[in-house]
Amino acid sequence: MDILLHSPILNNTPRNAVLGRVLCDMFRDSITEDTYDADMAELSFSLYYGGETIGVAAGGFSDKLAVLLQTMLERFASFKVDPKRFPEIVDDVGCCGFGGY
C-alpha cells in the first residue's frame, strides 16, 4: 500500500526541500525499533521524501498491517523532533552546502 501526501510547498525552495528530507529522515530514525519488530513479523513500513510528496508505504501479508499503518501515521501526525538527534541527522543529509537557506 502506498500513500502520497502531496504539497507543492515541499519543494518550492531549497530550504523547504532540505526540511522535508530532514523531517522524513528524523521520523524514520525515531521508529527504527518499531519497524524492526514489524520486519520480524514480515511487515514493512517506510516514509520517504519525494520532491513534492512525502510517501508512506506499508506492506506484508498479515492482519496486523492495518494496525501498523494506523500506528505509524498517528505517530507521524504527532511527531516531535528529538533535539539530541537533530544535528546528527542534519549532518547525514548534508545540509551544510545550502548556504543561506
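Reply: The following account concerns helix H1 and its partners, with two further sites at the end.

The model is predicted: local features need pLDDT of at least 70, side-chain atom pairs count only at pLDDT 80 or more, and totals for chains, interfaces and linings use all residues. Residues are numbered from 1 along each chain as its sequence is written, and side-chain values use heavy atoms, with hydrogens and water left out.

Helix H1 spans residues 14–30, and helix H4, with which it packs, spans residues 86–93. The axes of H1 and H4 are 10 Å apart, and the packing angle is about 125°. Here an axis is a line fitted to C-alpha atoms, for helices over the stretch in contact, and angles run from 0 to 180 degrees between N-to-C directions. H1 and H4 are therefore oblique to each other; angles under 35 degrees count as roughly parallel, over 145 as roughly antiparallel, 65 to 115 as roughly perpendicular and the rest as oblique. Their crossing is right-handed, a term for the near helix being turned clockwise from the far one by less than a right angle, whereas anticlockwise gives left-handed.

On the H1 side, the contact (heavy atoms within 4.5 Å) is made by Arg21, Val22, Asp25, Met26 and Asp29, and on the H4 side by Phe86, Ile89, Val90 and Val93. These residues comprise six nonpolar, no polar and three charged. In this division Ala, Val, Leu, Ile, Met, Phe, Trp, Tyr, Cys and Pro are nonpolar, Asp, Glu, Lys and Arg are charged, and the others, Gly among them, are polar.

One of the residues on the H1 side of this contact is Asp25. With a relative accessibility of 12%, Asp25 counts as buried; the classes are buried under 20% relative accessible area, exposed over 50% and partly exposed in between, for a 1.4 Å probe and protein chains only. When residues up to four places away in sequence are not counted, Asp25 touches Ile89 and Val93.

H1 also packs against H3, at an angle of about 125° and with the axes 11 Å apart. That makes H1 oblique to H3, and the crossing is right-handed. Leu23, Phe27 and Ser30 of H1 meet Met72, Arg75 and Phe76 of H3. By residue class, this contact contains four nonpolar, one polar and one charged.

Rings of Phe, Tyr and Trp (its six-membered ring) pair if their centres lie within 6.5 Å; planes under 30 degrees apart count as stacked, over 60 as edge-to-face and the rest as tilted. Phe27 and Phe76 form an edge-to-face pair, 5.1 Å from centre to centre and with 70° between the planes. Because Phe27 lies in H1 and Phe76 in helix H3 (residues 65–77), the pair ties together parts that are 49 residues apart in sequence. Phe27 pairs likewise with Phe79: the ring centres are 5.4 Å apart and the planes stand at 90°, so the pair is edge-to-face. Phe79 belongs to the loop between H3 and H4, and its pair with Phe27 of H1 therefore links parts 52 residues apart in sequence. Phe27 and Phe76 are buried, as are Phe27 and Phe79. Phe27, Phe76 and Phe79 form one aromatic cluster.

Ser30 also lies in H1 and is partly exposed, at a relative accessible area of 33%. Leaving aside neighbours within four places in sequence, Ser30 is in contact with Arg75 and Phe79. The C-alpha atoms of Ser30 and Phe76, 46 residues apart along the chain, are separated by 9.9 Å.

Two further sites complete the account. Glu42, in the loop between helix H2 (32–40) and E2, has a phi near 60°, a positive value in a residue other than glycine. At 68% relative accessibility, Glu42 counts as exposed. Ser46 is placed in strand E2 (residues 43–49) and is partly exposed, with a relative accessible area of 29%. Apart from neighbours within four places in sequence, Ser46 is in contact with Gly55, Val56 and Ala57. Between the C-alpha atoms of Ser46 and Ile31, 15 residues apart along the chain, the separation is 9.7 Å.

Definitions and conventions: Helices (H or I, at least four residues) and strands (E, at least two) are DSSP runs, numbered from the N terminus.
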